[in-house]
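Q: Let us go through some of the labels attached to this model and ask what stands behind each one.

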2 protein chains.
Amino acid sequence: MDAAEFRKRGKEMVDYIADYLEKIEKRQVFPDVEPGYLRPLIPDCAPQDPESFEDVFKDIEKIIMPGAASPACTELETVMLDWLGKMINLPEEFLAGKDGQGGGVIQGSASEATLISLLAARTKTIRRVQLEKPELTEADIMGRLVAYASDQAHSSVERAALIGGVKIKNVSSDDTFSVCGSALKKVLDEDKASGLIPFFFCATLGTTPCCSFDKLLELGPICNKENIWMHIDAAYAGSAFICPEFRHLLNGVEFADSFNFNPHKWLLVNFDCSAMWVKKRSDLTGAFKLEPLYLQHHHQESGNFINKLDYYYFHWQIPLGRRFRSLKLWFVLRMYGVTGLQEHIRKHVRLSHQFEHLVLQDERFEICAEVVLGLVCFRLKGSNELNKALLKSINEAKKIHLVPCHLRETFVLRFAICSRTVESTHIKFAWQHISQLATALLKTWEEL
Amino acid sequence: MDAAEFRKRGKEMVDYIADYLEKIEKRQVFPDVEPGYLRPLIPDCAPQDPESFEDVFKDIEKIIMPGAASPACTELETVMLDWLGKMINLPEEFLAGKDGQGGGVIQGSASEATLISLLAARTKTIRRVQLEKPELTEADIMGRLVAYASDQAHSSVERAALIGGVKIKNVSSDDTFSVCGSALKKVLDEDKASGLIPFFFCATLGTTPCCSFDKLLELGPICNKENIWMHIDAAYAGSAFICPEFRHLLNGVEFADSFNFNPHKWLLVNFDCSAMWVKKRSDLTGAFKLEPLYLQHHHQESGNFINKLDYYYFHWQIPLGRRFRSLKLWFVLRMYGVTGLQEHIRKHVRLSHQFEHLVLQDERFEICAEVVLGLVCFRLKGSNELNKALLKSINEAKKIHLVPCHLRETFVLRFAICSRTVESTHIKFAWQHISQLATALLKTWEEL
């Protein structure tokens with residue numbers, strides 16, 4: 001949708017809301033629908049080709065309004081997460097379908113998805129160990145639990161462990177910044193030998209520093225064998241899995257207990273929208289289930305059939321209240337269609353390779369990690385200080401903006417393709433700009 | 001703002017966004033402002049009288065855009081929470097001001113505020129006890145920690161303890177469904193005697209079932225003396241404290257470590273916007289502080305001065321990403337003014353008393369708890385079954401919608417004044433409707 005269409009459609013939406021407000025007293029205070037009403041009204045999967053705004057817009061009154069905020073909010077979310085799961089070819093166990101044991105939910109951020117899965121794993125492990133070793137108290141067990149993640153993993157994994165009150169250890173990544181099976185096995189063996197209880201491994205697909213990928217096909221079987229919950233954090237990279245040529249990066253997801261990626265990062269959905277799936281939703285409800293009386297009555301006894309599913313999402317997240325975030329997913333998936341979103345991903349990956357080639361053609365520079373998706377890690381051949389000076393010069397000019405990282409001891413510049421409207425000309429402009437600043441910097445540097 | 005003005009202003013906003021998108025390449029990629037730039041540009045407190053939409057709208061380009069998303073998002077939030085804190089006459093220790101030790105933050109829900117404060121209390125207590133009794137391990141201490149809340153408290157308190165991996169106990173409320181000092185003291189003494197470590201008490205102002213108020217002036221000094229973190233959950237009731245005649249309900253907040261209420265519940269701000277303050281923000285940062293390299297560099301070394309405050313909010317919540325929720329607070333506080341919001345609260349309280357009087361005039365009914373704010377707990381004199389049947393009949397008619405509760409063993413109907421546009425005629429309509437359904441029900445009931 002370009003700015004001109006946005007003007008038109010945005011104003012239609014404003015009128016729709018104003019009409020709704022003006023006529024609100026004519027609407028019923030509580031919906032007539034039965035739980036599960038929504039799924040039969042919409043297709044089983046996202047459309048391949050884009051639909052028009054009118055088509056989606058018309059469905060608001062037809063499909064959403066009869067279900068009001070509840071149960072429409074919950075049901076659309078469940079179905080949209082099934083759509084999205086199918087788009088990345090997630091194993092069927094992760095989908096809710098009509099009577100699956102898995103399913104998806106929208107969280108606010110990958111941090112929350114990691115935390116929720118760690119907490120579910122914690123409860124599940126405590127219960128299992130209590131059965132096996134009744135002499136241990138819950139506090140004893142808590143004190144021995146250990147979570148694991150790559151030394152390249154996002155800080156939110158460490159934070160989840162901190163919140164959950166459990167130990168966390170880094171697993172060393174290899175030369176390609178990926179965790180392989182032997183590295184995990186080594187630390188597990190050591191920890192088990194010293195009486196600790198490994199219970200959670202967070203694999204990363206597309207690490208923040210350099211977009212590296214942990215080796216799921218090696219790690220998954222180890223986790224399954226050792227009764228360790230495997231969560232996959234693919235916050236950024238996950239969107240790419242809608243393209244068949246990138247789907248192999250997700251191979252091994254079949255071993256995972258939970259999986260997460262953020263459509264708000266790279267699938268044109270506005271922040272926040274973090275999609276999380278679990279194989280057994282009873283693992284989540286088991287971790288969080290509380291039954292306050294006023295909710296029990298609201299949902300069960302009072303004759304208000306509504307909200308069985310909503311009540312159910314209540315156990316999937318930390319807050320009780322929920323926004324209607326699946327609406328934006330519904331709009332985006334339909335208005336772009338799968339093919340439109342694939343084009344978006346492919347354009348970004350193409351542009352990152354364009355940038356990579358420009359870097360490689362300039363012998364003053366080097367590429368620091370394999371370019372797989374939309375991130376290019378590069379640097380001037382030379383000291384960290386030189387590269388820090390280059391970054392400073394780039395960011396102070398404020399034509400483009402780069403966020404750096406360390407790969408081991410090496411200071412690296414990260415060129416990330418982000419914008420919906422980015423084109424090849426922007427890449428050329430950026431490279432020319434960086435190249436000129438580098439020339440100026442190297443001149444000063446040599447003079448010193 | 002009525003629907004007609006919403007049409008006009010909504011469309012202006014659509015155009016503003018479209019213009020922004022069309023001209024985005026002319027904007028600088030990174031702001032020029034220094035941290036702290038925003039506070040001097042706006043008043044110290046919310047306006048008493050309403051301002052026009054134009055005035056607020058003009059300030060977007062003038063005040064927000066020069067600070068882009070960062071640091072404007074953080075700085076506006078800090079200042080808005082100071083505005084809001086002043087509106088409810090929160091002790092100055094809770095405000096950020098120019099160099100205070102406290103401050104406010106927007107969370108998504110009261111559940112998150114409770115969880116964050118419980119986690120901060122947990123870390124603080126573990127550190128203190130480790131100093132006092134170095135022979136105890138962290139797991140030993142965790143196993144002895146106990147949190148407390150009223151038997152009327154929201155289920156999210158129990159859930160916070162579950163997540164934090166600590167015990168939680170109910171404190172018995174009195175005849176008015178309030179927790180008093182002696183009830184807390186009793187359970188603390190018992191638990192300390194058996195070797196447990198009380199560390200957290202969540203007081204409720206405005207409980208979910210019947211809007212009762214825990215006795216802060218008795219509870220606060222006990223918590224302070226016993227080194228127990230007192231958090232106050234005033235999710236619904238907190239908005240009323242902007243009216244001087246209701247502010248006394250908050251007396252005793254000076255003893256608290258953290259306080260929370262939800263402007264999205266009763267202050268005309270759209271969901272989600274849960275306002276939380278702490279006296280010592282170092283207690284939060286102490287609980288969550290992690291320093292991932294890519295953030296360190298982004299904020300400290302790379303010459304990007306921005307985000308010191310944002311970085312700082314990073315330790316105040318579970319997700320890393322943040323939406324720009326303070327904007328809606330800014331708009332609402334200015335467009336209503338303090339007086340407009342006070343009128344809104346007062347109207348709701350007046351209407352709840354109107355409903356209360358209607359109930360009291362009908363001798364078939366009784367009021368079940370003191371009506372303090374916008375909630376009326378009432379029932380037919382008679383059995384729980386009779387009242388369940390009445391609720392069923394009300395909710396099946398779908399003219400109005402009630403959510404019930406239990407007060408001790410008594411099944412109670414809750415009439416909650418919620419809508420922005422509710423008027424006296426709606427109350428009369430609702431009562432007449434309930435009264436007619438009761439007449440019909442009682443007739444059937446007698447026949448049986």
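Q: Why is B:Arg408 called partly exposed?
A: Its relative accessible area is 38%. Buried means under 20%, exposed means over 50%, and partly exposed is in between, with a 1.4 Å probe and protein chains only. So B:Arg408, at 38%, is partly exposed.

Q: What is the ground under such values?
A: This is a predicted model, in which local features need pLDDT of at least 70, side-chain atom pairs count only at pLDDT 80 or more, and totals for chains, interfaces and linings use all residues. Residues are numbered from 1 along each chain as its sequence is written, chains are lettered from A and ligands numbered from 1 in the order in which they are written, and side-chain values use heavy atoms, with hydrogens and water left out.

Q: What is the phi of B:Arg408, and where does the residue lie?
A: Phi is near 50°, a positive value in a residue other than glycine. B:Arg408 lies in the loop between strand S10 (405–407) and strand S11 (410–416) of chain B. Helices (H or I, at least four residues) and strands (E, at least two) are DSSP runs, numbered from the N terminus.

Q: Why is B:Asn227 called partly exposed?
A: B:Asn227 has a relative accessible area of 44%, so it is partly exposed. It also has a positive phi of about 60° although it is not a glycine. Its place is the loop between helix H8 (216–225) and strand S5 (229–233) of chain B.

Q: Why does B:Leu437 count as buried?
A: B:Leu437 has 19% relative accessibility, so it counts as buried. The residue is found in helix H15 (residues 424–447) of chain B.

Q: Which residues does B:Leu437 touch, beyond those up to four places away in sequence?
A: They are B:Leu390, B:Ser393, B:Ile394 and B:Ala397. Contact means heavy atoms within 4.5 Å.

Q: Why is A:Ser111 called buried?
A: A:Ser111 has a relative accessible area of 7%, so it is buried. It sits in helix H4 (residues 110–132) of chain A. Neighbours within four places in sequence aside, it is in contact with A:Ser156, B:Ile318, B:Pro319 and B:Leu320.

Q: Why is A:Lys265 called partly exposed?
A: A:Lys265 has a relative accessible area of 45%, so it is partly exposed. It lies in helix H10 (residues 263–266) of chain A. Leaving aside neighbours within four places in sequence, it is in contact with A:Ala235 and A:Tyr236.

Q: What makes a group of residues a nonpolar core?
A: The members are buried Ala, Val, Leu, Ile, Met, Phe, Trp, Tyr and Cys residues, joined through side-chain atoms within 4.5 Å. The largest such core has 86 residues, and B:Phe241 and B:Trp277 are among those that touch the most other members. Helix H13 (residues 326–361) of chain B gives the most to this core, with nine residues. A second, separate core of 85 residues includes A:Phe53 and A:Met230.

Q: How do you know that the peptide bond from A:Phe271 to A:Asp272 is cis?
A: Its omega is near 0°. The bond from B:Phe271 to B:Asp272 is also cis, with omega near 0°.
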